[in-house]
Amino acid sequence: MANDVQYLIDMLYEMVDGAKGVAFSPDKCIIIREDALDLLDELRGQLPLELKKAQDLIRARDEYVDSAKKEAERIRRQADLDAKSIVGESEITRVARDKAKEILQRADERSKAMIGVANEYTDDALRRTEEAIQMALEEVRESRARFRAVSNEKLQAQRARLEEQGGES
């Protein structure tokens, strides 16, 4: 129909362009009124359809643009959420790594401290055991020396008795 409107406008233009001029007035011309009115009536009949089509196209274009804007905004929001999520996840990962490193350092320090305490305790226990054994050894030596002294005394006393008995007989 757009071509029909264009065709009618072209015909009207040719009619005016090809019309005979009026004497003494080059800006005026003579056209066949009936033909011109018929063309204008057809144009008037088709223009509302063309205007409606144009308005429908504009409305469809506006709806498409609005839809595209909404979709672009949705995609942008989703990209923002994804970016925040990725940043959040990397931040969580970084914090977790830092926390793990801190825990490992504290565990290492605590382990070294515990080893130090255990070494001190073990050394102290061994020293006390050594002292106790040393004291026990000294006690055994003293007991042995007393035993020998008492035993020698008894042995000499018995020899002395035997010698007295052997001299009496």
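Mentor: Glu 73 and Arg 76 meet through their side chains in a salt bridge, with N to O at 2.5 Å; the term stands for a side-chain nitrogen of Lys or Arg within 4 Å of a carboxyl oxygen of Asp or Glu. Please keep in mind that this is a predicted model, in which local features need pLDDT of at least 70 and side-chain atom pairs count only at pLDDT 80 or more, while totals for chains, interfaces and linings use all residues. Residues are numbered from 1 along each chain as its sequence is written, and side-chain values use heavy atoms, with hydrogens and water left out.

Trainee: How far apart are Glu 73 and Arg 76 in helix H2?

Mentor: They are 3 residues apart in helix H2, and therefore separated by about one helical turn. Helices here are DSSP runs of H or I with at least four residues, strands are runs of E with at least two, and both are numbered from the N terminus.

Trainee: And what about the relative accessible area of Glu 73?

Mentor: Glu 73 is partly exposed at 31%, and Arg 76 is also partly exposed, at 42%. Buried means under 20% relative accessible area, exposed means over 50%, and partly exposed is in between, with a 1.4 Å probe and protein chains only. The areas come from the Shrake-Rupley method with a 1.4 Å probe, and for residues only the protein chains shown count as cover.

Trainee: Which residue forms a salt bridge with Arg 76 besides that one?

Mentor: Asp 80 does, with the closest N and O atoms 2.6 Å apart. Both residues lie in helix H2, 4 residues apart, which is about one turn of the helix, and Asp 80 is partly exposed at 34% relative accessibility.

Trainee: How many salt bridges does the structure hold?

Mentor: The structure holds 14. One of them joins Arg 94 to Asp 98, where the closest N and O atoms are 2.8 Å apart. These two are 4 residues apart in helix H2, so about one helical turn separates them; Arg 94 is partly exposed at 40% relative accessibility, as is Asp 98 with a relative accessible area of 39%. Salt bridges that share partners also join Glu 73, Arg 76, Arg 77 and Asp 80 into one network.

Trainee: Changing topic, which residues gather in the patch of negative charge?

Mentor: On the surface, Asp 4, Glu 34, Asp 35, Asp 38, Asp 41 and Glu 42 gather in that patch. Patches are made of residues with over 30% relative accessible area and no salt bridge, where like charges are joined within 9 Å and nonpolar side chains (Val, Leu, Ile, Met, Phe, Trp, Tyr) within 5 Å. Asp and Glu count as negative and Lys and Arg as positive, whereas His and the chain ends are not counted, and the place of a charge is taken as NZ of Lys, CZ of Arg, CG of Asp or CD of Glu.

Trainee: Where does the largest share of the negative patch come from?

Mentor: Helix H2 (residues 33-168) supplies the largest share, 5 residues. Asp 38 has its place in this helix, and it is partly exposed at 36% relative accessibility.

Trainee: How far is Lys 101 from Lys 28?

Mentor: They are 73 residues apart in sequence and 98 Å apart in space, C-alpha to C-alpha. Lys 101 is found in helix H2 and counts as exposed at 54% relative accessibility.

Trainee: Last one: in what sense do strands S1 and S2 pair?

Mentor: Strand S1 (residues 20-22) and strand S2 (residues 25-30) pair in the antiparallel sense over 3 bridges, where pairing requires that DSSP finds at least two bridges between two strands. Lys 20 stands opposite Ile 30 in S2. The hairpin has 2 residues between its strands, and Phe 24 takes a positive phi near 65 degrees in it. Phe 24 has its place in the loop between S1 and S2 and is exposed, with a relative accessible area of 88%.
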